[in-house]
Amino acid sequence: YKMNKPVYIAGPMEGLSITEMKGWRALFTAMLNKGHKVGVKDPTRRLPFRANEDDMNRARSVFQADLMDIDDCRVVFFDFRKGKGYAWGTAMEAMYAYMNKKPLVIWVNPEDPKHPFLESMCTIKVTTLEEGTAAVISLLEPEEREASYLDPFGASPLGSFPSVHKQ
C-alpha cells in the first residue's frame, strides 16, 4: 500500500490576519479537490501552536514540522505575490523544497518584478490561483489525482487541518 503524497501550500503568515493567511489556502484546497481528491499539508493548521513563537523550543518544533511536511509532499505551491505579508519563512521553504528536488509552483502577480532565484527555482510560474491549480494537478501522478489522501495520524499533534467551505 502506497500513501499518496499531498501538496504543501506555502505563503506568508507574518504581518497577515488569520483570514488573509487561510482564505486563499482554503479556496486553493477546494479548487484542487473539484473533480479530484488531492491531499494538502497546510502550515496554518499549526496556528495555535505558533501563538508563542518567542518560545524558541516551540518555534523550532514548528520549523521542523513544516520541513517534514515538505518532505512528505509531491509538489509545493508557493504564494510569492508582492505585498502579501513577510515571506521570509516562505523563501526558506522554497529553497529547502528546491534543494530536495520538489517541483515548485510559484504564484506571483503579473506586474511583480522578476527575481533570479524565483525564476531559476520554479518549475512552473503562475499568475492566478486557477493556473496554479492546473499546474499542481499536472505535476501529480495519475493515481494521486484520483485517490483520496487521509492523514494516517488524524489531526496533527501540532494542530488540525483547516475546514474548507465550498463557495
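Mentor: In helix 1, the buried residues are M21, W24, R25, F28, T29, A30, M31 and L32. Buried means under 20% relative accessible area, with exposed being over 50% and partly exposed in between (1.4 Å probe, protein chains only). Helices (H or I, at least four residues) and strands (E, at least two) are DSSP runs numbered from the N terminus.

A word on the source: this is a predicted model, in which local features need pLDDT of at least 70 and side-chain atom pairs count only at pLDDT 80 or more, while totals for chains, interfaces and linings use all residues. Residues are numbered from 1 along each chain as its sequence is written, and side-chain values use heavy atoms, leaving out hydrogens and water.

Helix 1 has 15 residues and spans 21 Å from first C-alpha to last, close to the 21 Å expected; that expectation is 1.5 Å times one less than the number of residues.

Now follow F28. It is among the residues with the most contacts inside the largest nonpolar core, alongside F77 and V136, and that core has 18 residues. Such a core is a set of buried Ala, Val, Leu, Ile, Met, Phe, Trp, Tyr and Cys residues joined through side-chain atoms within 4.5 Å. Helix 1 (18-32) supplies at least two of its residues, as do strand 1 (7-10), strand 3 (75-79), strand 4 (104-107) and helix 6 (129-139).

R25 is the charged member of our buried list. R25 pairs with D42 in a salt bridge, their closest N and O atoms 3.5 Å apart; the term means a side-chain nitrogen of Lys or Arg within 4 Å of a carboxyl oxygen of Asp or Glu. Both partners are buried. Because D42 sits in the loop between strand 2 and helix 2 while R25 is in helix 1, the pair ties together parts 17 residues apart in sequence.

That loop also holds P43, which is buried at a relative accessible area of 1%. P43 lies 8.0 Å from Y8, C-alpha to C-alpha, although 35 residues separate the two in sequence. Further along, R45 from this loop bridges to D69 in helix 3 (residues 56-71), at 2.9 Å from N to O.
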